[in-house]
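Please keep the sequence and the model in view while reading.

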Amino acid sequence: MAFRAAVLRHIRLPVQTLKPTASRAPSQWSLLRLFSSHDDHLTKEEVIDRVLDVVKSFPKVDPSKVTPDVHFQKDLGLDSLDNVEIVMALEEEFKLEIPDKEADKIDSCNLAIEYIYNHPMAG
Amino acid sequence: MAASGVAAPTRTEVLQLYRSLLRVARQFCDYNIREYSKRRTIAAFRDNKNLTDPSQLSAAFSDGNAQLEVAKRQALVYSLYAPKVKSIMDIKPS
């Protein structure tokens, strides 16, 4: 038991000595911001443009009716199957995986733009 | 002949099956089978859109689920023997 305690004391010691240096390190790393995607997050206009392009290129949609606040089923005359297809097309465009529960709620351009803009992984 | 106890699928379940089939179709590495799967699910779901008879609905739904299982297995098998050269349709113009 004593041997184990002695060994543990030796092993634990390095962790304690690192603490003072660790307090300095974050300030250097926070300037570097590795893996931060804040700078290349999509702008709202880009999201709107690409979402509208995807909706306009859907074969059953009349491109002249597509505006950023158009409702898929009420304004564009699509049905729920088309809704699923449009959400899938948006997933492919922005390289996202939208879970079923969220995808069911997206039934207008507004909601699609909001969801994609707020998604951290939108590309 | 079949038991009449199988309930018709709900709207949510049907849409979930639709989405799962389209997702699995996306996983195929071969362009042709991928496009075929998408076309086939869209066509099949549209054809059956106006069914109202519960036994027909549950038959179509279980058929869809069986096809989903087939597609999942096949997507895996196709990926084991993926062609080294991509189809021309998959190559984006640079």
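Is A:Arg50 buried or exposed? At 17% relative accessibility, A:Arg50 counts as buried, where buried means under 20% relative accessible area, exposed over 50% and partly exposed in between (1.4 Å probe, protein chains only). This is a predicted model, in which local features need pLDDT of at least 70, side-chain atom pairs count only at pLDDT 80 or more, and totals for chains, interfaces and linings use all residues. Residues are numbered from 1 along each chain as its sequence is written, chains are lettered from A and ligands numbered from 1 in the order in which they are written, and side-chain values use heavy atoms, with hydrogens and water left out.

A:Arg50 has a partner in chain A: its side chain meets that of A:Glu46 in a salt bridge (3.9 Å, N to O). A salt bridge here is a side-chain nitrogen of Lys or Arg within 4 Å of a carboxyl oxygen of Asp or Glu. Both residues lie in helix α2 (residues 44-56) of chain A, 4 residues apart, about one turn of the helix. Helices (H or I, at least four residues) and strands (E, at least two) are DSSP runs, numbered from the N terminus. A:Glu46 is partly exposed at 35% relative accessibility.

A second pair of this kind sits in helix α4 of chain A, where A:Glu102 and A:Lys105 are 3 residues apart, about one helical turn. Their closest N and O atoms are 3.9 Å apart in a salt bridge. A:Glu102 is partly exposed at 29%, while A:Lys105 is exposed, with a relative accessible area of 52%.

Now turn to the contact between the chains. Chain A gives 15 residues and chain B 13 residues, contact meaning heavy atoms within 4.5 Å. Together the two chains bury about 1,400 Å², 49% of it on carbon and sulfur atoms; buried area is the accessible area (1.4 Å probe) that two parts lose on being put together, summed over both. A:Leu81, A:Val84 and A:Met88 supply 38% of the area that chain A buries against chain B, more than any other three residues.

Charge is also present at this contact. The count between chain A and chain B is 12 salt bridges, and over all chains it comes to 20. On the side of chain A that touches chain B, α3 (80-94) and α4 (100-105) each supply at least two residues, and α3(A) gives the most, with 8 residues.

Which residues are linked in a network of salt bridges? They are A:Glu91, A:Glu92, A:Glu97, A:Asp100, A:Asp104, B:Arg19, B:Arg23 and B:Arg26. Side chains of opposite charge can pair when their charged atoms come close. B:Arg26 meets A:Glu91 at 2.7 Å, N to O, and its closest approach to A:Glu97 is 3.5 Å between N and O atoms. B:Arg26 lies in helix α1 of chain B and A:Glu97 in the loop between α3 and α4 of chain A, so the pair joins two chains. B:Arg26 is partly exposed at 21%, whereas A:Glu97 is exposed at 54%.

B:Arg19 is found in helix α1 (residues 11-27) of chain B and is buried, with a relative accessible area of 2%. Not counting residues up to four places away in sequence, B:Arg19 touches A:Val84, A:Met88, A:Asp100, A:Ala103 and A:Asp104.
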